[in-house]
Structures are given as structure tokens and as C-alpha cells.
Amino acid sequence: MKKTTTLLCAILCFLTFQGCGIYSFNGISIDENIKTFQVNFFQNQAPIVEPGIDRTFTFALQDLIQDQTNLSLVSSNGELLFEGEIVEYYIAPQASTSENTAAQNRLTITVNVRYYNNTKTDGEDDFERRFSFFSDVSATTQLIGSDLDTALEEIFDRITQDIVNESLAKW
């Protein structure tokens with residue numbers, strides 16, 4: 001009896017997922033005819049320029065899309081196109097001490113993204129939107145070297161996932 005119940009549950013789960021078409025646990029649903037994507041270089045146009053973050057961000061977005069989809073990265077004529085620029089990079093005091101000095105600083109980065117689904121002529125999926133996130137660090141920490149790398153990784157992980165969710169996940 002227990003084997004029969006287990007078998008019925010397995011069949012029911014299979015049929016449920018089979019009826020959903022293309023299904024993924026990360027919510028990404030891409031037309032099966034779409035095979036390529038393109039991520040143009042995100043230039044740093046923020047008033048404060050931190051060297052190298054434009055390259056790091058571009059690669060982070062490319063890597064995330066490759067990790068979460070079966071799409072192939074191309075350098076031109078991508079069916080899905082991501083482009084934009086880094087528009088804000090700033091550090092601001094977040095919390096103060098009793099001596100009116102900063103106890104914590106917040107690094108905030110904002111990226112303007114344009115997304116185009118070139119397989120659709122109506123532009124229904126296309127958007128231009130800003131994505132922003134931050135990382136809080138101790139005021140005694142200088143944002144250089146590995147401390148900066150850690151903060152950038154935290155920020156870029158969140159921003160790139162938000163971009164992928166907005167463009168490819170149809171919740």
C-alpha cells in the first residue's frame with residue numbers, strides 16, 4: 001500500500017510539472033526559441049569613479065545569466081539585450097556615535113539598465129529602470145582592497161539578481 005501511494009505521488013508530481021511546460025525553480029521562464037543574450041559594457045558615469053567596477057559589474061551580470069539560463073552569450077545581435085551605465089557610487093555616513101562621528105558608512109551603487117527582447121516587435125517586455133543596493137561597513141574600514149571587493153560582491157549580487165528577476169522571471 002505504501003509503495004502504491006508513493007508511486008501515485010510521483011506520477012502526480014510528474015504530470016503537474018509536465019503540464020507547466022518549461023519550469024524552473026528560480027522563476028526564469030524564457031521562450032524556448034530564444035538562444036542568445038548580449039550584455040553591453042556598463043560604463044561608469046557616476047560622479048565618483050571607482051576604477052574597474054564597470055568591468056566587474058558587466059562580468060557579474062553576464063555570469064549570473066549564464067549560470068541561471070541555457071542562453072549563449074554573444075557580443076552582437078543578441079536576442080535579449082542588456083545595456084546601461086553605473087550612475088551612482090557614493091559613501092555616506094549611516095550611523096553615528098555619541099561623539100557625533102560616523103560609526104558606520106554605507107556604500108550605495110545605482111545602475112541604470114535598458115533591457116530589450118529583440119524577438120518581440122511590440123516591445124512589451126522592454127524596460128529602462130534603475131537598480132540600486134548598498135553595503136554597510138564600519139566607519140573605521142577603508143573601502144579598498146578586499147574590503148571593497150566584499151562590498152562590491154554583496155551589492156552586485158543583489159543588483160544583478162534583481163535585473164534577472166525583472167527581465168527573465170515571470171512570477
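A residue is called buried when its relative accessible area is under 20%, exposed when that area is over 50%, and partly exposed in between, using a 1.4 Å probe and protein chains only. The structure is a predicted model, in which local features need pLDDT of at least 70, side-chain atom pairs count only at pLDDT 80 or more, and totals for chains, interfaces and linings use all residues. Residues are numbered from 1 along each chain as its sequence is written, while side-chain values use heavy atoms, with hydrogens and water left out. Helices (H or I, at least four residues) and strands (E, at least two) are DSSP runs numbered from the N terminus.

**Nonpolar core**

- A nonpolar core is a set of buried Ala, Val, Leu, Ile, Met, Phe, Trp, Tyr and Cys residues joined through side-chain atoms within 4.5 Å, and in the largest one, which has 36 residues, L107 and I109 touch the most other members.
- Two or more residues of this core come from each of β1 (36–39), α2 (53–68), β4 (80–96), β5 (102–117), β6 (127–138) and α3 (145–168), and the largest share, nine residues, is given by α3.
- Contact means heavy atoms within 4.5 Å, and, leaving aside neighbours within four places in sequence, L107 is in contact with residues including Y89, Y90, I91, F133, F134, L148 and I155.
- In soluble globular proteins, nonpolar side chains tend to be buried together.

**Strand pairing**

- Two strands pair if DSSP finds at least two bridges between them; β4 and β5 pair in the antiparallel sense over 15 bridges, with E88 standing opposite T110 in β5.
- Strands β5 and β6 also run antiparallel and are joined by 12 bridges, and here V113 stands opposite R129 in β6.

**Salt bridges**

- A salt bridge is a side-chain nitrogen of Lys or Arg within 4 Å of a carboxyl oxygen of Asp or Glu, and a search of the whole structure finds seven of them.
- One of these joins the side chains of E83 and R114 at 3.3 Å, N to O, linking distant parts of the chain, since E83 lies in strand β4 and R114 in strand β5, 31 residues apart.
- The side chains of R114 and E128 meet in another salt bridge, at 3.7 Å, N to O, and this pair links strand β5 with strand β6 across 14 residues.
- R114 has a relative accessible area of 17% and is therefore buried, whereas E128, at 54% relative accessibility, counts as exposed.
- Within helix α3, R158 and D162 lie four residues apart, about one turn of the helix, and their side chains meet in a salt bridge at 3.4 Å, N to O.
- R158 is partly exposed, with a relative accessible area of 40%, and D162, at 24%, counts as partly exposed too.
- Salt bridges that share partners join E83, E85, R114 and E128 into one network.

**Helix α2**

- The expected span of a helix is 1.5 Å times one less than its number of residues, so the 16 residues of α2 should span 22 Å, which agrees with the 22 Å between its end C-alpha atoms.
- The buried residues of α2 are I53, D54, F57, T58, L61, Q62, L64 and I65, and they pack against β1, β2 (43–44), β3 (72–73), β4, β5 and α3.
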